[in-house]
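Biologist: I'm new to this one. Can you put it up and walk me through it?

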Amino acid sequence: MDLRSNEPYWLIKNAFLKSYPSLDKSISTDILVIGGGITGALIAHKLLQEGKDVVLVDKRVVCNGSSTASTGMLQYEIDVPLYNLIEQRGINCAVSSYRNCEKAIFEIKKIIDDIKSNCPFEFKKSIYFTPTRKGIKDIKEEFNARKKYGFKVSWLDKEALKKLGLDAYAGIESTSGAIVDPYKFAYDLLEYCSENGMQIYDRTEIQEIKNEGNQFTAKTQDEFSIQANHIIHCTGYESVNTLKDKNIVNLLSTYALASEVYTELPKGFKNHIYWDNSAPYYYFRTTSEGRIIIGGCDEKFKNAIKRDSLLSKKQNKLTKQFQKYFPDIHFKADYIWAGTFGETDDGLPYFGRPYPEINEHYILGFGGNGITYSVMARDAILHSLNHTNHPFLEDYSFGR
Ligand SMILES: Cc1cc2nc3c(=O)[nH]c(=O)nc-3n(C[C@H](O)[C@H](O)[C@H](O)COP(=O)(O)OP(=O)(O)OC[C@H]3O[C@@H](n4cnc5c(N)ncnc54)[C@H](O)[C@@H]3O)c2cc1C
């Protein structure tokens, strides 16, 4: 699967930070992690902290799948509004999902500090807004649900939004949001793991997995084998290649633009990130060197050729939308890129063993909260490995 167009902003900004060798012999380990994107990096780091014997492989150069295309906006708000999620999945699952995404944002900051990474990360307030008068009802309902379940939110009316430069009808301001460079974060985590003894292999594709009892043999494209007691698939949207049930995720195409650098960030962007309640939604964040990133304009197909052929059309559309929302801010794009994106019906991820008796585990942070979900999976994976209970393994199970 072609996960992204050629020039996502983070890759140009950071370039290739480090390459690992490909696997050139057969080896064995307790746990094989397949996939070196942000999910594999977060899981591998957790397993390292737990003193586990882990090998991580990626068929590309690590971090070059979806994680380099991600816009790295960290929000506790899930693609499905809280009041809708409560209807879909019940109060406990919905509120816990929102609450744990919020905790995950703070956990990311802690991990960055713990591994002494200089990866750009900034806390920001997040605004969820409606561009239409009709949408006020939806925003109000969401505001009431968040208030009721203890989230720190403020109501912003048209006037209050105007002071931030945003032309919209109503919004909810939350204090717990953040922005991160997802590519640098994943790279730094893997580098930390490597420096602390983990074996990491680039350009090592797992093409076949056989199991006898709970002893796995994973075969690479070069015919080497990795023996393991557990396999953790952190293979992102490409996991549909190995899962029997392909319908757990709806794959589509999404687009992002990064502006030229502003000498001084516009007022409304100094402390805030934004997303609207359109379907599909638009969202806006800044970068540490003073750019504004716009994301959205999703299309309901994943064909990469078709996706990339629309890049310049999407640049116009995203820019126009930004100018409509922020009429006083001049926006000129420096970079545009596209990526495959996956949505689930309830906006929630999948964690655990799809076939309960087999020690093949999946961590699939689908949706706009992919990064915070992967952080939440760090505790759940230990329970999946031990076959012990954890609420996330129920809430985000394959059979739900
Ligand atoms: C444009 C865009 C914007 C986004 N914005 C946000 C956002 O603002 N906030 C947010 O939280 N999320 C966002 N997301 C989602 C987020 O980027 C993803 O959830 C996250 O990057 C997924 O990480 P991953 O490690 O699971 O997948 P990937 O980064 O794709 O990593 C999976 C890795 O597995 C490897 N692999 C696959 N199969 C094999 C195999 N057989 N053998 C070996 N290796 C294999 C691949 O090469 C790949 O490197 C966005 C996504 C896109 C595309």
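Biologist: Let's start with the second largest pocket. What volume does it have?
Modeller: About 480 Å³. Keep in mind that this is a predicted model.

Biologist: Which residues are closest to its centre?
Modeller: Asp79, Ser278, Ala279, Tyr281 and Glu343. They belong to a lining of 22 residues.

Biologist: And which elements give two or more residues to that lining?
Modeller: Strand 12 (272-276) and strand 14 (292-299) do.

Biologist: How does the lining of that pocket split by class?
Modeller: There are 8 nonpolar, 6 polar and 8 charged residues.

Biologist: Back to Ala279. What is the peptide bond from Ala279 to Pro280, cis or trans?
Modeller: That bond is cis. Its omega is near -5°.

Biologist: Where does Pro280 lie?
Modeller: In a loop. Strand 12 comes on one side of that loop and strand 13 (283-286) on the other.

Biologist: Which residues line the largest cavity?
Modeller: The lining consists of Trp10, Pro120, Phe121, Glu122, Ile179, Val180, Asp181, Arg285, Thr287 and Ser288. By class, that makes 5 nonpolar, 2 polar and 3 charged residues.

Biologist: Which strands supply at least two residues each there?
Modeller: Strand 4 (121-130) and strand 6 (170-180).

Biologist: Now the ligand. Which residues come nearest to it?
Modeller: Thr39, Asp58, Arg60, Ser67 and Thr71. In total, 36 residues are around the ligand. By class, this shell has 11 nonpolar, 20 polar and 5 charged residues.

Biologist: What does Ser67 do at the ligand, in terms of distance?
Modeller: An N or O atom in the Ser67 side chain is 2.6 Å from an oxygen atom of the ligand.

Biologist: Which backbone atoms lie 2.9 Å from a ligand oxygen?
Modeller: A polar backbone atom of Ser66 is 2.9 Å from an oxygen atom of the ligand. For Met73, a backbone N or O atom lies 2.9 Å from a ligand oxygen.

Biologist: How much of the ligand does the protein bury?
Modeller: The protein buries 96% of the 1000 Å² that the ligand exposes when taken alone.

Biologist: Which elements give two or more residues to the shell around the ligand?
Modeller: Helix 2 (38-49), strand 15 (333-343) and helix 10 (370-386).

Biologist: Let's look at backbone angles. What is phi for Cys63?
Modeller: Phi of Cys63 is near 70°. That is a positive value in a residue other than glycine. Cys63 sits in the loop between strand 2 (54-57) and strand 3 (73-75).

Biologist: Is Cys63 buried or exposed?
Modeller: Cys63 counts as buried, because its relative accessibility is 1% and the cut-off for buried is under 20%.

Biologist: What about His387, which is not a glycine either? What phi does it have?
Modeller: His387 has a positive phi of about 60°. Its loop lies between helix 10 and helix 11 (391-395). With a relative accessible area of 39%, His387 is partly exposed.

Biologist: Last stop, Asn229. Where is it found?
Modeller: Asn229 is in strand 10 (residues 225-233). Asn229 counts as partly exposed, at 30% relative accessibility.

Biologist: How far is Asn229 from Lys332?
Modeller: In sequence, Asn229 and Lys332 are 103 residues apart. In space, they are 52 Å apart, C-alpha to C-alpha.

Methods:
Residues numbered from 1 in each chain as written. Predicted model: local features only at pLDDT ≥ 70, side-chain atom pairs only at ≥ 80, totals over all residues. Heavy atoms only, no water. 1 Å grid on protein atoms, 1.4 Å probe; cavity = no way out; pocket = protein on both sides within 12 Å on 5 of 7 lines; lining within 4 Å. Helix = DSSP H or I, 4+ residues; strand = E, 2+ residues; numbered from the N terminus. Nonpolar A, V, L, I, M, F, W, Y, C, P; charged D, E, K, R; others polar. Near = heavy atom within 4 Å. Polar contact = N/O pair within 3.5 Å; in protein donor to acceptor, adjacent residues only side chain to side chain. Areas by Shrake-Rupley, 256 points an atom, 1.4 Å probe, with all protein chains shown as cover. Buried < 20%, exposed > 50% of the residue type's maximum accessible area, 1.4 Å probe, protein only. Points joined across faces, edges and corners; volume = space filled by probe spheres on them.
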